[in-house]
Amino acid sequence: MELFARPVYLLYFVPAAALTALVFWAGRKLKERAVNALFGRAAYAKLTAHLRPVSAWRTALFFLAEFFLFAALAGPQWGTEIIEAQGAFAQTVIAVDVSASMRARDLRPDRLDNAKNMLRMLVNNLNEERIGIIAFTSQAYIQCPITTDDDALQYFISALRPDMLPVNGTSLAAPVSLAAKMLAKYPGQKALILLTDGEDHSPKDLETAQQTAAKYGVRVIAIGIGTKEGTLIPARTDAAGNVSEYKKDKQGNTVVSKLDEKPLIELAQATGGVYISYTSPAQVAARVEESLRGLDKTLSSAVKRAAYKNRYQIPLLLAMLCLAAYLLWPRGRKPQSGEKNA
């Protein structure tokens, strides 16, 4: 916990106090010159002999008021409160292929790491979207519900890894159907960002999924990860990351995974979306951002979060009390010895 939200203002007090001391010193010197010019030092001393001298405590009160003012500006904070903001957000779901083929290294370091790097950039740049995350192979599972919590989204993106799900294979229909269900309660146009190499072991189910997405106004932004030439899929690696064995099929043949763009293009066209061939994280993130423009927004509550309570009122009140004491400090007559005895 940070005791002050903006501690730099405490440092600003030092030059401010030095400047104040300089002004006080310069004012006293000017006063002495004026007194000497008008009355002379001895005459002025006789004229003001019955008045109380200026107390050092009065000057200290002014500096205390100044210190507490800067302490208030520094934003002292302790204790927590729950903050919930409202705003207009577009609704988007990200579906990431985590099947074994995403280990392929036709993109360095591999396909899934490229997808994750792009998503990190994308999430950082999307400020007006509520986003959910799906991981899929032949089945799809919600990893992060639709939210505006950037920290949660970054966490779940980092947690994605090949074969993290208990089922093998790849189905494009599964994430499309699940995303449509997640987005069904939101009105207007929504989006599904689908990152995959396009391999589909259940193509017969894809048409039904397309119809479901179109029914609920879900545009699919399909991103093809990989190369058309393809490459082998690492099955085992050593401690240094070198491949010691490649994936084989049931017949013992080494599997070559290739980017299949055809189902992704058809899926995007059927839902009014767009197909993007992966190039680099920054370029793809920029194209996705452009494709998300025009989505309908709904008024909803942003994620609740705990925040420290700003306690600026306490030092501000102390500053006002010190300033009032400075202004009201008595400068009346000294009590005479006779008055004391009376």
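Analyst: Arg 293 is exposed, with a relative accessible area of 63%. The model is predicted, and for this reason local features need pLDDT of at least 70 and side-chain atom pairs count only at pLDDT 80 or more, while totals for chains, interfaces and linings use all residues. Residues are numbered from 1 along each chain as its sequence is written, and side-chain values use heavy atoms, with hydrogens and water left out.

User: Why is Arg 293 called exposed?

Analyst: The word exposed is kept for a relative accessible area over 50%, buried is used under 20%, and partly exposed covers what lies in between, with a 1.4 Å probe and protein chains only. Arg 293 has 63%, so it counts as exposed.

User: Where is Arg 293 found?

Analyst: Arg 293 belongs to the loop between helix H9 (281-292) and strand S12 (297-301), where helices (H or I, at least four residues) and strands (E, at least two) are DSSP runs numbered from the N terminus. The C-alpha atoms of Arg 293 and Ala 90 are separated by 9.2 Å, although these residues are 203 apart along the chain.

User: What makes the contact between Asp 163 and Arg 103 a salt bridge?

Analyst: A salt bridge requires a side-chain nitrogen of Lys or Arg within 4 Å of a carboxyl oxygen of Asp or Glu. The closest N and O atoms of Asp 163 and Arg 103 are 2.9 Å apart, so the pair qualifies. This pair links distant parts of the chain, since Asp 163 is in the loop between H5 and H6 and Arg 103 is in the loop between S2 and H4, 60 residues apart.

User: Are Asp 163 and Arg 103 buried, partly exposed or exposed, and how do you know?

Analyst: Asp 163 has a relative accessible area of 34% and Arg 103 has 25%. Both values lie between the two cut-offs, and therefore both residues are called partly exposed. The backbone of Asp 163 also has a phi near 60°, a positive value in a residue other than glycine.

User: How do you know that Glu 266 and Lys 262 are separated by about one helical turn?

Analyst: They are four residues apart in helix H8 (residues 262-270), which is why the separation is about one helical turn. Glu 266 counts as partly exposed because its relative accessibility is 37%, whereas Lys 262, at 57%, is exposed.

User: How many salt bridges are found in the whole structure?

Analyst: The search finds seven. Another one of them joins Glu 245 and Arg 236, with 3.6 Å from N to O; Glu 245 is partly exposed at 33% and Arg 236 is exposed at 54%.

User: How many disulfides are there, and what makes a pair count as one?

Analyst: A disulfide is a pair of cysteine sulfur atoms within 2.5 Å, and by this rule the count is zero. Cysteines can still be described by their accessibility: Cys 144 has a relative accessible area of 2%, so it is buried, and Cys 322, with 10%, is buried as well.

User: Which residues are joined by the peptide bond called cis?

Analyst: Arg 108 and Pro 109 are joined by the cis peptide bond, with omega about 0°. Pro 109 is found in the loop between strand S2 (86-97) and helix H4 (111-125).
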